[in-house]
Amino acid sequence: MAEQSEGRKQHRADILVSCLHDRAPELIPALEAEIKQRGLEKEIKVVSAGCRGFCDSGPVLLIQPDDIFYLGVLPADVPELAEETLVKGRVVERLTYKDPATRKRIAHYSDIPFHNKQMRVALRHCGLINPNSIDEYIAIGGYQALGKALKMKPEAIIEEIKKSNLRGRGGAGFPTGRKWESARKATGSIKYIIANGDEGDPNCFMDRALMEADPHAVIEGMIIGSYAVGSHHGYIYLPYEYTLAVKNLKTAITQAREYGLLGKDILGSGHDFDIELRMGARSFVGGESTAIMHAIEGKASEPRAKHVHTTDKGLWERPSCLNNIKTWSIVSEIILRGGDWFAGIGSATSKGTQVFSLAGKINTTGLVEVPMGITIRELVFGLGGGVPKKRKFKAIQIGGPSGGCLPESLLDMPMDYETLAEAGSMMGTGGVVVMDDRTCVVDVARYFLGFLRDESCGKCTSCREGIRRMHEIMTRITLGEGTMEDLDRLEQLARVVQAVSMCGLGKTAANPVLSTLRYFREEYERHIKDKFCPAGVCRKIVAYEIIGDKCKGCGLCVKACPQGAITGEQKQPHYIEQVKCIQCGACFEACNLDAIKIVPRSEVKSAVKEVVA
């Protein structure tokens with residue numbers, strides 16, 4: 001960036017600020033005040049932009065056109081940033097991205113692997129525009145697809161969507177074109193378009209990010225869909241908790257009405273369509289399509305059996321076409337670029353891109369969008385930067401709480417709907433949890449069963465009671481009270497719940513159990529036969545011991561122990577008082593010499609008794 005010359009007043013840079021849930025609300029005024037104080041307000045514009053996906057590093061900002069990217073920026077950093085970068089054109093190294101693999105600093109956004117290895121379709125505008133400005137959306141090509149679609153026949157639009165092989169991004173992966181075609185053919189003068197923004201997975205927020213960062217893309221897709229199926233009224237359903245998404249959607253809907261893009265005779269086409277927001281409490285089972293329709297009707301958000309498809313009888317017994325937020329946001333790109341373009345991305349059976357939410361034991365957490373068919377290895381190590389603290393990769397759970405846990409041996413497996421299902425997992429909404437060798441898969445499966453037990457609506461006996469019984473068995477195993485017969489009983493219960501439950505929650509609840517039994521059965525058997533958790537997670541059956549020959553008495557474990565259970569002289573081997581130890585593993589994590597080992601609790605019982613005596 002050239003150094004500022006006196007009297008120069010032309011616009012020369014935009015600062016795009018993201019992570020509005022973090023400190024960005026404080027950061028933006030600080031930036032604006034500093035820029036004004038330096039007399040740069042006509043040259044530099046601060047833009048409140050949407051999510052870029054760097055969820056563990058916010059707030060982040062991108063300075064364009066120089067492509068300089070800063071992470072973890074605080075209001076206190078603003079004076080230095082303004083002086084060094086905005087005035088002198090120099091990079092503030094400490095605020096730049098540090099590559100987890102090479103430990104090198106990367107100043108330019110386009111050079112960061114987490115970004116440049118993505119292919120953004122659904123997230124194409126996120127972080128690039130002000131979501132509260134319809135003019136910015138139009139300036140980058142927004143609503144062009146709508147103009148094109150309104151000149152096409154509805155059947156031609158549906159054929160284009162079918163040609164693209166777009167599948168619903170809400171989890172089930174049902175072909176979108178077929179759903180639209182069914183809704184188009186359904187009898188009745190009143191039909192509804194619905195956008196599902198209720199994502200109940202614990203670590204998923206892709207829909208929220210889209211609604212916050214690019215609400216007009218969702219609205220444009222819904223208008224195109226309404227014209228294709230013959231609907232004149234639409235609903236966007238989302239949780240009350242998504243306050244920023246609610247605000248931005250309300251603003252976008254108002255702006256679209258003012259521009260004649262919603263309401264009567266849209267763009268002179270003769271097509272009428274409008275959208276309402278409906279909010280409810282966030283829940284996992286509440287994201288099921290019929291549960292959403294019940295919620296919009298003012299009823300309890302519980303699923304119903306789909307003896308009749310919702311495209312024939314859905315909301316208020318009228319034909320209804322429900323798609324996920326991500327699905328609606330992709331529609332306009334398909335209409336603009338053509339179905340063949342979208343079908344040319346991805347694997348043989350799963351086309352286009354998928355948005356994944358990376359969480360767990362991974363160096364870079366956040367949102368990424370990649371072509372379908374990417375391998376697990378490329379996702380975790382190529383984009384996510386691998387496992388932190390040089391620990392070993394153990395497993396990955398894909399598809400949220402109902403997804404299966406897949407082992408290291410499947411790292412090179414391509415990720416699409418079919419291959420994941422064959423492996424015992426699922427695509428779901430794209431939630432990903434990475435686990436290292438300090439993760440107990442038995443405890444992970446138990447945890448997600450507990451989540452699904454609490455989220456079950458309780459209508460099905462198989463789901464309500466089956467998940468509860470499975471959770472009880474898993475709890476016994478983690479306490480060291482399980483038997484080998486429990487494994488057969490677990491599998492039998494899981495198959496029954498999977499086969500006869502009414503909705504997707506029950507039908508997929510067995511995945512964490514069945515996949516861990518399939519790939520990590522030995523770990524279950526060690527919990528049962530040896531009364532031991534190799535990962536050191538199940539506290540009732542593990543203990544920690546210091547290896548005298550390796551301990552140098554550095555004292556790191558003493559500082560880490562919250563109970564004061566470790567004693568010893570400096571530079572001499574230390575000792576853990578088992579009666580005080582709570583098996584938290586803090587000492588194990590702190591030790592740099594591998595001088596602490598995890599052992600079965602039964603092996604130290606005698607030592608505990610001696611100390612107590």
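This is a predicted model: local features need pLDDT of at least 70, side-chain atom pairs count only at pLDDT 80 or more; totals for chains, interfaces and linings use all residues.
Residues are numbered from 1 along each chain as its sequence is written, and side-chain values use heavy atoms, with hydrogens and water left out.

**Exercise 1. Find Arg124 and work out what its side chain reaches.**

Step 1: start with the place. Arg124 sits in the loop between helix 3 (113–116) and helix 4 (134–139). Helices here are DSSP runs of H or I with at least four residues, strands are runs of E with at least two, and both are numbered from the N terminus.

Step 2: check the accessibility. Arg124 has 12% relative accessibility, so it counts as buried. The scale runs like this: buried is under 20% relative accessible area, exposed is over 50%, and partly exposed is in between (1.4 Å probe, protein chains only).

Step 3: look for partners. The Arg124 side chain comes to 2.6 Å from the backbone oxygen of Val121, and a polar contact of 3.0 Å ties it to the side chain of Ser332. A polar contact is a pair of N or O atoms within 3.5 Å; within protein, one must be able to donate a hydrogen and the other to accept it, and residues adjacent in sequence count only if both atoms are side-chain atoms.

Step 4: If you skip neighbours within four places in sequence, Arg124 is in contact (heavy atoms within 4.5 Å) with Ala217, Ser329, Ile330, Ser332 and Glu333.

**Exercise 2. Sort two ring pairs, Trp180 with Trp328 and Phe381 with Phe393.**

Step 1: get the rule. Rings of Phe, Tyr and Trp (its six-membered ring) pair if their centres lie within 6.5 Å; planes under 30 degrees apart are stacked, over 60 edge-to-face, and the rest tilted. By this rule there are 14 aromatic pairs.

Step 2: take the Trp pair. Trp180 and Trp328 are stacked, at 5.6 Å centre to centre with 25° between the planes. This pair links distant parts of the chain, with Trp180 in helix 7 (residues 176–185) and Trp328 in helix 12 (residues 325–337), 148 residues apart. Trp180 is buried at 0% relative accessibility, and Trp328 is buried at 0% too.

Step 3: take the Phe pair. Phe381 and Phe393 have ring centres 6.2 Å apart and planes at 55°, so they are tilted. Phe381 belongs to helix 14 (residues 376–383) and Phe393 to strand 13 (residues 393–398). Phe381 is partly exposed at 37%, while Phe393 is buried at 5%.

Step 4: look for a group. Phe54, Phe69, Tyr97, Tyr109 and Phe114 are linked by ring pairs into a cluster. The charged end of Arg52 sits over the ring of Tyr109, 4.9 Å from its centre. For that label, NZ of Lys or CZ of Arg must be within 6 Å of the ring centre and within 35 degrees of the ring normal.

**Exercise 3. Which residues of helix 18 are buried, and where do they point?**

Step 1: size up the helix. Helix 18 (residues 484–500) has 17 residues and reaches 26 Å from its first C-alpha to its last, close to the 24 Å expected at 1.5 Å a residue. The expected span is 1.5 Å times one less than the number of residues.

Step 2: list the residues. Asp486, Leu487, Leu490, Ala494 and Val497 are the buried ones. Down the axis of helix 18, the buried residues fall within an arc of 100°, so they line one face; the arc is taken from the directions from the helix axis to the C-beta atoms.

Step 3: check the other side. There, Glu485, Asp488, Gln492, Ala499 and Val500 are exposed.

Step 4: find what the buried face of helix 18 packs against. Its buried residues meet helix 17 (461–478), helix 19 (504–508), helix 20 (511–519) and helix 21 (521–529).

**Exercise 4. Are Arg103 and Tyr143 buried or exposed?**

Step 1: take Arg103. Its phi is near 65°, a positive value in a residue other than glycine. Arg103 is exposed, at 52% relative accessibility.

Step 2: take Tyr143. Tyr143 has a positive phi of about 70°, although it is not a glycine. Tyr143 is buried, at 6% relative accessibility.
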